[in-house]
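The following paragraphs lead the reader through one protein model, from the overall fold to individual residues. Please keep the sequence and the structure in view while reading.

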Amino acid sequence: MLEKFSNWKAKLQNKKVETNNIENVPKHVAIIMDGNGRWAKRRGLPRIAGHREGMNVINKVVKQANLLGVEVLTLYAFSTENWKRPKNEVDFLMRLPERYLSVELPKLVEENVRVRLMGCKDSLPSHTIAAVDDAIEKTKHNTGLVLNFALNYGSRDEIVTAIQNIAQEAVNGNIKPNEITDTIIAQHLMTKELRDPDLLIRTSGEIRLSNFMLWQLAYTEFWFTDVLWPDFNEQHFLEAINIYQQRARRYGGI
Ligand code: V07
């Protein structure tokens, strides 16, 4: 199986095959990109050096996901908890979207990738919002991979807001309490246009969800690795997908 997969990989990299006919590729992959600080610490570097290195890994995964025919890639870039970090680190992180996009946006446009945001925009600096809005606007007609950045995202906040909105609709008389279903709730979440993730990847050895997509991950396969995010590469991504496919086969594809 592994051999078969590395064959695919070789072919993919030579672009000799149509890549979207490989069976059972997860349609939505979500990633918690953890371990950047630890990566830097091990090298005696400041944490921000780890974040910068981690940013460079995103391209590898985006390219690979696009080649394999993944439809949605969700990346946890900044959580609502991350504001508690030292100010210099937060300031640096808030510059990363524009840094990333200033180099990568033309490539994303060309590769038919559509950029999307999930999270509370309100408390983001205006320079960050401007860069992300520009990317969303310039890629809005693209039809390939949806690149969904979770930025200032927290799942409990997302659920609280959804409940508040549904309660308001009930008060307004537009919905009755017994008409509230899981579909209605899903339609009030920030992922309302997206399918639920099929595969969740978390790097750097932490085995928890950290307030990430709690509702959406109800039926998702999880894959954890000790590899730190800045060391993550195409091979690791393929390994995760390979394991997902083995599990899907075992459970009859359900
Ligand atoms: C961030 C780099 C990746 C490792 C994890 C934390 C640090 C890319 C973005 C980004 C976000 C929105 C967008 C385009 C790019 C980003 C933050 C941190 C806050 F539209 N990487 N990256 N944003 N890191």
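**A loop residue and its setting**

Asn 112 is located in the loop that joins α4 to β3 (114–118); helices (H or I, at least four residues) and strands (E, at least two) are DSSP runs, numbered from the N terminus. The phi angle of Asn 112 is positive, about 70°, although the residue is not a glycine. Most residues other than glycine have a negative phi. With a relative accessible area of 27%, Asn 112 is partly exposed; here buried means under 20% relative accessible area, exposed over 50%, and partly exposed in between (1.4 Å probe, protein chains only).

Asn 24 also has a positive phi, near 60°, and is likewise a residue other than glycine. Asn 24 belongs to the loop between α1 (2–14) and β1 (28–32), and its relative accessibility of 35% makes it partly exposed.

The model is predicted: local features need pLDDT of at least 70, and side-chain atom pairs count only at pLDDT 80 or more, whereas totals for chains, interfaces and linings use all residues. Residues are numbered from 1 along each chain as its sequence is written, and side-chain values use heavy atoms, with hydrogens and water left out.

Turning to the whole chain, the secondary structure comprises eight helices and six strands. Along the sequence these elements are arranged as α-β-α-α-β-α-β-α-β-α-α-β-β-α. The C-alpha atoms fill a box of roughly 60 × 50 × 35 Å along the principal axes.

Of the 254 residues of the protein chain, 44% count as buried. Among contacts with a separation of 6 or more, 78% are between residues 24 or more positions apart, where contact means heavy atoms within 4.5 Å. The accessible surface of the chain is about 13,500 Å², and 50% of that surface belongs to carbon and sulfur atoms; the areas come from the Shrake-Rupley method with a 1.4 Å probe, and for residues only the protein chains shown count as cover.

The interior can be described through its nonpolar cores. A nonpolar core is a set of buried Ala, Val, Leu, Ile, Met, Phe, Trp, Tyr and Cys residues joined through side-chain atoms within 4.5 Å. The largest core has 47 residues, of which Ile 31, Leu 73 and Phe 237 touch the most other members. Helix α4 (residues 87–110) supplies the largest share of this core, nine residues. A second, separate core of 10 residues includes Ala 30, Ile 32, Tyr 76 and Leu 200.

Which residues does Leu 73 touch, not counting those up to four places away in sequence? They are Val 29, Ile 31, Val 61, Val 62, Ala 65, Leu 145, Val 146, Leu 147 and Asn 148. Leu 75 is part of strand β2 and is buried at 1% relative accessibility. Beyond its neighbours within four places in sequence, Leu 75 is in contact with Ile 31, Met 33, Ile 58, Leu 147, Asn 148, Phe 149 and Ala 150. Leu 75 and Ile 58 are 17 residues apart in sequence, and their C-alpha atoms are 8.7 Å apart.

Val 70 lies in the loop between α3 (47–68) and β2 (72–79). Although 44 residues separate Val 70 and Pro 26 in sequence, their C-alpha atoms are 6.3 Å apart in space.

Ser 123 is placed in the loop between β3 and α5 and is partly exposed at 42% relative accessibility. Leaving aside neighbours within four places in sequence, Ser 123 is in contact with Trp 83 and Asn 152. Glu 137, in helix α5 (residues 126–138), counts as partly exposed at 46% relative accessibility.
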